[in-house]
Amino acid sequence: MTDDLDTLDELKSAMHAATPAPDPARRAQDLALAQKNFADLQGSTSESRLTSERPKTGLRRGLGKMIDVLSSRAGLTATTALIAVTFVTLGPGSDLLQLPRPSLPGLTGSTPELAVAPKDVEMSAGEIADQLAKTESARNRGVTYLAEEEAPLAQAAPAPSAEIATTAQLRSVEPSALSRMQQPAAGLAAPSEDRIAVPEANTEAYANEDPNPVQVTAENPVSTFSIDVDTASYALARNSIQRGVLPHTDAVRIEEMINYFNYGYFAPDGDMPFSVSTGVMQTPWNPGTQLVHIGIQGELPAMANRPPLNLVFLIDTSGSMQDPDKLPLLKQSFTLMLSQLRPEDQVAIVTYAGSAGQVLEPTPASDRKTILAALNRLEAGGSTAGQAGLQQAYDVAQGMSEEGEVSRVILATDGDFNVGLSDPQALKDYIADKRETGTYLSVLGFGRGNLDDATMQALAQNGNGQAAYIDTLSEAQKVLVDQLSGALFAIAEDVKIQVEFNPATVAEYRLIGYETRALRREDFNNDKVDAGEIGAGTSVTAIYEVTPVGSDARLTDPLRYSAVATEGGSDELGFLRLRYKEPGESTSQLIEAPITADLPPMEGTGWAAAMAGFGQLLRDDSYLGDWGWDQAIALANANRGADPYGYRAEAVQVMRLAQSLAAR
């Protein structure tokens, strides 16, 4: 027994002699290096904008990405414990620390990747927790996170126990977040309940103003605004709702919700490029008021005799355009458009990403093979250099133009358009100068997440063009095929509307929509003030809600000492004036017509009223009272009328879905 104990003592002595003593200095050096590497790899040190490009390997992709997607302290604590256990299990002598990257909602891709830690790095669980805690203050860098107290949005179908998001929370999460939420990849564990799916940074910006207030006719009888034929707002709202999110209120421009649809107003007579009609109907949401409709219908000239068309496609090929609903959809959309061009038309392509470049010289539209090959070669990558691209596109268009031809630049982008002109007025002046040369600019938006609707509107409005949003191939068919003539061939320019209401018959009024198109009263007669254009075959609708004198629906008290003076017949609600210029002319022409209370409703105004109500519901308008979704949907269903392409039927379904989202 004694011999056995002696042998055991000898073995212990030998083991201690063979094992080197710990080196505190080496351990501290390795730990400091590991901490420095860990800190250096937490995000980018540059200020460049985010794109959809991501590193494919490395610590940032593995461990850093896993840390960034955790937005709750519970998830952070769980991950800390997981890493600590892994270190204890593998030990300091392991060559590699390999952590599988789970496929979480909010991350693209499903291939497991490995995070590699330097060899011989030894970190305790406490040290790891300390490092993770230091990164918590930077979790919002480049990422829009849900607040911890908010319920995460469900993926395709939430579990029965999932908390339902409120309407305010639904508005706070943009559609780009939903489009990136994915199910766990096969073979990988599903995320735990304390891991909240978070979208990437959302930089969408919208152009809008507060809803037009009620005006007292005796104090302010004149209303002046520019027409608006854009349709981007309706398409954006529909896209948001179909993704399961109510649109941001600033994304809703009610006049574009209304003007998305064609109303078939009567055709113009004689030499007039468009017709003007008015009608009056009972307000659906307020029995004490009336809706005054103003309808404009542009003529559709024989397109066989149209002038040759010069198109310059200015295409955003920056890294953010690689999503399927961006550059790939853009290529398909322009392919549809080519079928509407004639052999004498010409097409050129300019791209911008990092630096601008012309990828297709002016080419006859009949050479479809060359044009399509140039389109198909386009790939997304790099940063944005919008200003250089815009300048080159105008230069190319100017070189293509000849007397009697029509030249257009069509900008296609996801909206993250770095024009290089930080001063908004400088941008407007630049576009306006180019507009005077006869080359107009239209803007097509694609995709979500960084859509700069505000810049798109400014570019289109000052470029005498239109702004549209394309989210499906069907929408491309509508914008670039069915309505191409209206988008590219103007029949009237600088169209302004002014209505003077009669204080003897109208106590109050408000214009529904057109907040971003308001003009000063004196702008109406100033031919130097820019306004909207009417394209071939385009219809435009404007709606006023008016309160008759003596109605219980009046919202303001009459002034004690006000004096009401009227001219003309007392049955007039108001007087309509409209100014426009013939294309290429500098002097406007005037149209005038009275608005009387006995005017019958015009064709399609019931549907227009339903869309006006829809837009006001999305904007949480206080003027609707108790009138809500059920009434709006019923009004739309009752006034669908002729709907050959199903746009109105689709709108009813969108309204029903919005009602369900609002109820949550």
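Predicted model: local features only at pLDDT ≥ 70, side-chain atom pairs only at ≥ 80, totals over all residues.

Me: How many cavities of 30 Å³ or more does a search of the whole structure find?

Reply: Rolling a probe the size of a water molecule over the atoms shows where empty space is left. On a 1 Å grid over the protein atoms alone, a cavity is a set of points where a 1.4 Å probe fits but cannot get out, and lining residues have an atom within 4 Å of a point. Grid points are joined across faces, edges and corners, and a volume is the space filled by probe spheres set on the points. Searching the whole structure in this way gives six cavities of 30 Å³ or more.

Me: Which residues are closest to the centre of the second largest cavity, and which element gives the most to its lining?

Reply: The second largest cavity holds about 160 Å³ of space. Its lining has 23 residues, of which V229, N464, G465, Q466 and E533 are the closest to the centre. Helices (H or I, at least four residues) and strands (E, at least two) are DSSP runs, numbered from the N terminus. At least two lining residues come from each of β11 (439-446), α14 (453-462), α16 (484-488) and β15 (532-535), and β15 gives the most, with four. By class, the lining has 10 nonpolar, eight polar and five charged residues, where Ala, Val, Leu, Ile, Met, Phe, Trp, Tyr, Cys and Pro count as nonpolar, Asp, Glu, Lys and Arg as charged, and the others, Gly among them, as polar.

Me: What volume does the second largest pocket have, and which residues lie nearest its centre?

Reply: A pocket is an open set of points with protein on both sides within 12 Å along at least five of seven lines. The second largest pocket has a volume of about 850 Å³, and among its 35 lining residues G438, Y440, E493, P583 and G584 lie nearest the centre. Two or more lining residues come from β10 (406-413), α13 (424-436), β11 and β13 (490-501), with β13 giving the most, four residues. The lining of this pocket comprises 11 nonpolar, 10 polar and 14 charged residues.

Me: At what angle do α17 and α19 pack, and is their crossing left-handed or right-handed?

Reply: Axes are lines fitted to C-alpha atoms, for helices over the stretch in contact, and angles run from 0 to 180 degrees between N-to-C directions. Angles under 35 degrees count as roughly parallel, over 145 as roughly antiparallel, 65 to 115 as roughly perpendicular and the rest as oblique. Helix α17 (residues 605-618) packs against helix α19 (residues 647-663) at about 30°, with their axes 12 Å apart, which makes α17 roughly parallel to α19. Their crossing is left-handed, meaning that the near helix is turned anticlockwise from the far one by less than a right angle, whereas clockwise would be right-handed. In the contact (heavy atoms within 4.5 Å), α17 supplies W607, M611, F614 and L618, and α19 supplies R648, A651, V652, V654, M655 and A658.

Me: How are α10 and α15 oriented to each other?

Reply: Helix α10 (residues 327-338) and helix α15 (residues 473-482) pack at about 40°, with their axes 9 Å apart, and are therefore oblique to each other. The crossing of α10 and α15 is right-handed.

Notes. Residues numbered from 1 in each chain as written. Heavy atoms only, no water.
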